[in-house]
Amino acid sequence: MTDISTGTAQDWNAPEVRSNLRRRHRGERWLRGIGLAAILTAFAVLVILLGSLTASGYKAFSQTFITLDVPVSADRVKPDRIAAANWRGVMQDAVAAMFPDATDAERKVLAAIPSSVAQFAVRDRVLADPALIGQTVTVSVPVSDPFDQLHKGLIDRATPEENRRLKDAEIAAFDRLVEAGKVALRPNWALVTSADSRFPELAGLRGALIGSFYALLTCFVISFPIGIGAAIYLEEFAPKNRLSDLIEININNLAAVPSVVFGLLGLAVFLGWFGLPRSAPFVGGLVLALMTLPTIIIATRAALKAVPPSIREAALGIGASRQQVVFQHVLPLAMPGILTGTIIGLAQALGETAPLLLIGMNAFITAAPATPFDAATALPTQIFIWADSPERGFVSRTSAAILVLLGFLILMNGLAIFLRNRFERRW
Amino acid sequence: MAGWAFLLLAAATVFAYALNRRAADALREDGRRLHSLPGFHGGYAALLVLVPGFLFLCLWLVFQSAFINRSVMAGLPPGTLDGLDSGAVQLLQSEIISISRGQVFGTPEPWKLEAATRMSEMRSTAGWVMIALLALIALGAILYARSRVSAAFRARQGFERIVHGIMVACSVVAILTTFGIVASLLFESLQFFRMVPVNEFLFGLNWEPQIPIRADQVAGTGAFGWVPVFVGTLVITVIALFVSVPIGLFSAIYLNEFASDRFRAFAKPVLEILAGVPTVVYGFFAVLVVAPALRNAGAEVGLPISPNTALAAGSVMAIMLIPFISSFSDDALGAVPQSLRDGSLALGATRSETVLKVLFPAAIPGIVGGILLAVSRAIGETMIVVMAAGLIATLTINPLDSVTTVTVQIVTLLIGDTSFDNPKTLAAFALGLMLFLVTLGINVLALRIVRKYRELYD
């Protein structure tokens, strides 16, 4: 090698060449470092996002319960007028019985500790079994939100009293209950089994979960067949003409239209012109279906395109019609890809909020919907409602609801990845 | 009632299939050579029942409730609706509807009860009429299809023609959606521009939509100039891009040129997780973590940072855009032909020199296209700004101030009380129209750039 470079050849070991090389290598390291820093920033943000949500959300998966022995005295509750009895008084009796030495002021404070549902829980027990009148009913009910926060350590006892949500007397009363062993932290099943409520300790996601389920079901039932039909037509049958081009441009543009515009469409057309019911998951599903359609069409076309032409030619060669080729040979082979794309599209639809807000799925509704046409909320809109609520207890519940939503998204995307890895064929 | 109708339709479809298929089978057993397989005879009959029946049911159900509501409202005692604005009329209508469904609150006036009774009567009559008409349609289709069965009948062609028609109809849904968007936005915006002049909307510098809805409300006089709203949108968009473009771009460069395969296989899905997080979650994150952190940081250095600072919304939006920009840049860099890369390396350039001086310039159109799509996404993004940005439109470009955006205004104007006859509600549609036009323009431009660039190397 050395004898090729003779005479005027570059001296690769000259100091200026070496320093130049060093500079160039330094530039290399810089770019590499900046790139790594950028991607690590993205990772860090993700970790902070999930970390902060988990840190504030996990506390809402448990709830402080209080066990009360409620004496149902025959003076307060008459067998013929059980529902109309003074249940608040009954609860005050229960507190008085628990702390016979407490002053009236203390009793008033103590009576505020159980959630306001406590009296209804007792009432329902007695309504179901009137023989309980004159006996003592033991119930375990959630404590009201401020005390729940206190028990979970979210209220700092060191804060000056006037800046604290619970006064010293309230804290002292609660501590007495804790000492008496009446208070326990239990899993908060109400978070998924009960519907929304004004009281954080009672609020749950049941209505939102069912609403989201109906909306996604509607979305799937509408967008899946229409999307596949449109994709098959465009990919396999459409002649190259103005109409096909128009449809194609349309689909690409629809995929990038802001979601809030779909909400305006739903509000003006589905609610305004067609007179469909407001806040109904069915209407939400319709709007989501229109938004999901482009995703499904694009995924289906890609899946159809991936099926090799030899399959089509072989089928055509033994006399199948073009539709037989597509529906009996190409479509089954493309199905895993189509399902993957559909599930991803539905996962996007599950997290979509803005269009649902515009068609009124942010109403305050305390009952789970029985049909897709009843007023309901959806998971993301419920998150929005709770995030807007002033009560402190809703902060951790919002995070918990987000964790539930993210759980469903991970589940759906995991299913999509599983389908892709398990069934997709490389040709 | 609708459930029964669909059940009837399904039964009729199955029956039509079985009937024609058996008839064709019988012909075949007689020794005739059929043109089409018996299954196609059955399928032809089934579609002949299903398609018209289904269309009929959908149209009927869409228009039934609107028709009933309208005729019940028209049949109210004369004079009841005098002096009521559309909101009150709507309220009255929904009250009558809920009474007719058996949800009675308090003691409604007798005429309301009467209207509700008439409504539920009409509803049950309409249900029966629907089922009868559906049965008639199905019967006609079954008889017609049955009469066509013969050895020479080209059932496969008939079947495939219908299927083809169904597929065309499916693709037209996309066009109809676009048409629906444009029609609804234009229709409501035109009503808005009848109340507020176009000039005032496009060039007005004040946005105060809090006008009184009822006569006794105390509120502003109302001003509908979209400039401050749009400027606020731009401020947040610029902040978002300022943060996300460098991070996304350098991540893409690192992943494309420097990262090992294993790191890449790990990093790409992680970035995709960021892209899959719903925006309402980002919005809550902005409120819960980012805005307080910024405010505290501002307090440390003595900067007055508004609680709804554009910085919080913008930087959280940037997080949402990072994966978007990075994947577009990744694609663009990856699409540069290998020969360019090899040529540059062969000349002795380092990897970074190859990236910066050869690949990047070649990939610029694709990257710009991706950034444009990110811009349109940032402009149209709703939940993050609804939760983290302000409500009051101030004409400012200071990122520490609170600004509002087009999408925030649309949502706040339409949440809650929506009657379609006051400028406050209609203004949301005018904003929606502008939003649609702006994002459509950017998208078309971006797609054109991306496509042109792809052709360059294909």
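This is a predicted model: local features need pLDDT of at least 70, side-chain atom pairs count only at pLDDT 80 or more; totals for chains, interfaces and linings use all residues.
User: How many bridges join β1(A) to strand β2 of chain A?
Analyst: Strand β2 covers residues 136-142 of chain A, and β1(A) and β2 run antiparallel. One position in this pairing is A:P71, which stands opposite A:T136 in β2(A). The number of bridges joining β1(A) to β2 is seven.

User: In which sense do strand β1 and strand β3 of chain A pair?
Analyst: Strand β1 takes in residues 62-71 of chain A and strand β3 residues 183-187, with five bridges between them. A:Q63 has A:R186 in β3(A) as its bridge partner. The sense of the pairing is antiparallel.

User: What radius of gyration does chain A have, beside that of a compact globule of 427 residues?
Analyst: The C-alpha trace of chain A spans about 110 × 75 × 40 Å along its principal axes. Of the 427 residues in the chain, 44% count as buried. A compact globule of 427 residues would have a radius of gyration near 22 Å, but the value for chain A is 32 Å.

User: How far apart do the C-alpha centres of domain 1 and domain 2 of chain A lie?
Analyst: Domain 1 of chain A is assigned as 65-78 + 91-98 + 105-187, and domain 2 as 206-423. Between the C-alpha centres of these two domains the distance is 46 Å.

User: What separates the centres of domain 1 and domain 2 of chain B?
Analyst: In chain B the assignment gives 2-194 for domain 1 and 223-457 for domain 2. With centres taken over C-alpha atoms, the separation of these two domains is 43 Å.

User: Which helix of chain B gives the largest share of the side that touches chain A?
Analyst: The contact takes 73 residues from chain B and 67 residues from chain A. On the chain B side, the largest share is 19 residues, and they come from a helix spanning residues 155-195. That side divides into 48 nonpolar, 20 polar and five charged residues. The helix with the largest share is α5 of chain B.

User: How many of the nine residues of helix α14 of chain B are buried?
Analyst: Helix α14 runs over residues 406-414 of chain B and is mostly covered. Among its buried residues are B:V406, B:I410 and B:L414. To count as buried, a residue needs 20 or more other C-beta atoms within 10 Å of its own. The number buried in α14 is eight.

Notes. Residues are numbered from 1 along each chain as its sequence is written. Chains are lettered from A and ligands numbered from 1 in the order in which they are written. Two residues are in contact if their C-beta atoms, placed from the backbone, lie within 7 Å. Helices (H or I, at least four residues) and strands (E, at least two) are DSSP runs, numbered from the N terminus. Ala, Val, Leu, Ile, Met, Phe, Trp, Tyr, Cys and Pro count as nonpolar, Asp, Glu, Lys and Arg as charged, and the others, Gly among them, as polar. Domain bounds come from an automatic or database domain assignment. A residue is buried if 20 or more other C-beta atoms lie within 10 Å of its own, exposed if 12 or fewer, and partly exposed in between; C-beta atoms are placed from the backbone. The radius of gyration is taken over C-alpha atoms; the globule rule is 2.2 Å times the number of residues to the power 0.38. Two strands pair if DSSP finds at least two bridges between them.
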